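Biologist: Hi! Could you walk me through this model?
Modeller: Happy to, let's open it up.

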Amino acid sequence: MLRMLKKMDGVILFVMLLLMIISIFAIYSGTQTDSNLANHHVKTIYFYIAGFIAVLMIGLVNYKLYVKYAFYLYGLGIILLILANVLGSSINNANGWLKLSDNFSFQPAELFKMILILFLAHLIVKRQRGTLEFWKDIVPIGCWAFIPFALVMAQNDLGNALGYVVILAAVLWIGNMRLKHALIALAIVGVAFFGFVKAYTFYHDEVFTFLEKIKREHWAERIDPWLVPEKATSKASWHTKNAGLAIGSGGIIGKGYLQGTSVQSGRVPYTYSDSIFVVIAEEFGFVGASILILLYFILIHRMVLIALKCRDRAGPVIIVGIIGMLLYQVFENVGAFLGLMPLTGITLPFISYGGTSLLINMACIGVVMSIKLYGQEEEDELLMGEQQPRLSERLWNMLKKEKSAV
């Protein structure tokens, strides 16, 4: 086991350690004026400890096992999403939280990001074709992804639902989708986007009335400051307006730790979760925000290098899916406060407070570590379905190999 631990990517682990330090200090700054949130930075330490344990434990297991049994994980994830729809509680307008205790709630939609990546990799590997065909491959894969998308949309969680779409697009792209199909899809998305923008701005009042009828008016409150700021109510623009002012006031080097006037005065809400980037930008300025973005770049760069060295098909598909998931979260979170994207409540990976989000992201890093350890092996019967040993036998053989190596 020690030999395997030494083979894990030290750069990624070091970046994760730096992100943990940034997260703890940023969460403390964003909560230290609110006694109800006083221990959130301590909880984050516990979550990170559990996360690093998850990285090591998941990383030591051959990722091909996760891919092989991904169908069962998919079924379990769908059951959890259905339970969240039926029994879930609401937090910040999202209804998909399962309350496990008085102090801990779990969001299945976050877990399903990782499950979806593994399951899509499972589907790609099972299709032993050089190029994905539209009707035989892309449409069925898209239907499998649509089921959780619809369930999460029913939970009123637009941010995570769009994350599934990004993961699907990333996996299809690395899965060798035909160029003409990719261009057609890109054209459809582009036309749909600009059509939506035109329709929303031109028929704004009618759209708002419709959203009120279906009890989704908060969608308009998030879109208005982005597309039609002149029509946005003061309540709708309060968050992004004050966040933008706070980021701008940080300047080059920031106002200093715990000295952010907008953050410490409470003018920016959710500074421990959705708005934590505002804390970093106001108190550490452009330099601090750039260092954070650079750490994300290093993390993704290392993941790309691991994918390039992987010798089977599943590994690169999984890594690109994880990269797509992380890039979407970073771009959506940061872009929302820079006026580039609407505010959807997506957290900043590894930085925002949130046990479910952090643990799932750390689990994904664990899968990346597993690909680093086992990705040099040729694609074998574990994925191809020839004389597959049972899970217990596979784990026992792995333990015997480790003992003989020691």
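Modeller: One term before we start: buried means under 20% relative accessible area, exposed means over 50%, and partly exposed is in between, using a 1.4 Å probe and protein chains only. Also, this is a predicted model, where local features need pLDDT of at least 70, side-chain atom pairs count only at pLDDT 80 or more, and totals for chains, interfaces and linings use all residues. Residues are numbered from 1 along each chain as its sequence is written, and side-chain values use heavy atoms, with hydrogens and water left out.

Biologist: Great. Is Lys113 buried or exposed?
Modeller: Lys113 counts as buried, because its relative accessibility is 3%. Lys113 is found in helix H6; helices (H or I, at least four residues) and strands (E, at least two) are DSSP runs, numbered from the N terminus.

Biologist: And what does Lys113 form a salt bridge with?
Modeller: With Glu110, where the closest N and O atoms are 3.2 Å apart. A salt bridge here is a side-chain nitrogen of Lys or Arg within 4 Å of a carboxyl oxygen of Asp or Glu. Both residues lie in helix H6, three residues apart, about one turn of the helix. Glu110 is buried, as is Lys113.

Biologist: Which residues is Lys113 in contact with, leaving aside its neighbours within four places in sequence?
Modeller: Asn160, Tyr164, Ile167, Met325 and Gln329, where contact means heavy atoms within 4.5 Å.

Biologist: Where does Phe149 lie?
Modeller: In helix H7, residues 134-154. Its C-alpha atom is 8.4 Å from that of Asn160, eleven residues apart along the chain. Phe149 touches Ala161, Leu162, Tyr164 and Val165, again not counting residues up to four places away in sequence.

Biologist: Back to salt bridges: how many does the count come to?
Modeller: Five by this rule. One of them pairs Asp9 with Arg302, the closest N and O atoms being 3.0 Å apart. Asp9 is in the loop between helix H1 (2-7) and helix H2 (10-31) while Arg302 is in helix H14, so this pair ties together parts that are 293 residues apart in sequence.

Biologist: Nice. Is Asp9 buried or exposed?
Modeller: Asp9 is buried, at 2% relative accessibility. Arg302 is partly exposed, with a relative accessible area of 25%.

Biologist: Switching topic: how many residues has the largest nonpolar core?
Modeller: That core has 101 residues, and Tyr63, Ile318 and Phe350 have the most contacts inside it. Helix H14 (residues 276-309) gives the most to this core, with 15 residues. There is also a second, separate core of eight residues, including Tyr200, Leu211, Trp219 and Ala220. By nonpolar core I mean a set of buried Ala, Val, Leu, Ile, Met, Phe, Trp, Tyr and Cys residues joined through side-chain atoms within 4.5 Å.

Biologist: And Tyr63, what is that in contact with?
Modeller: Leaving aside neighbours within four places in sequence, its contacts include Cys310, Asp312, Ile318, Val367 and Tyr374.
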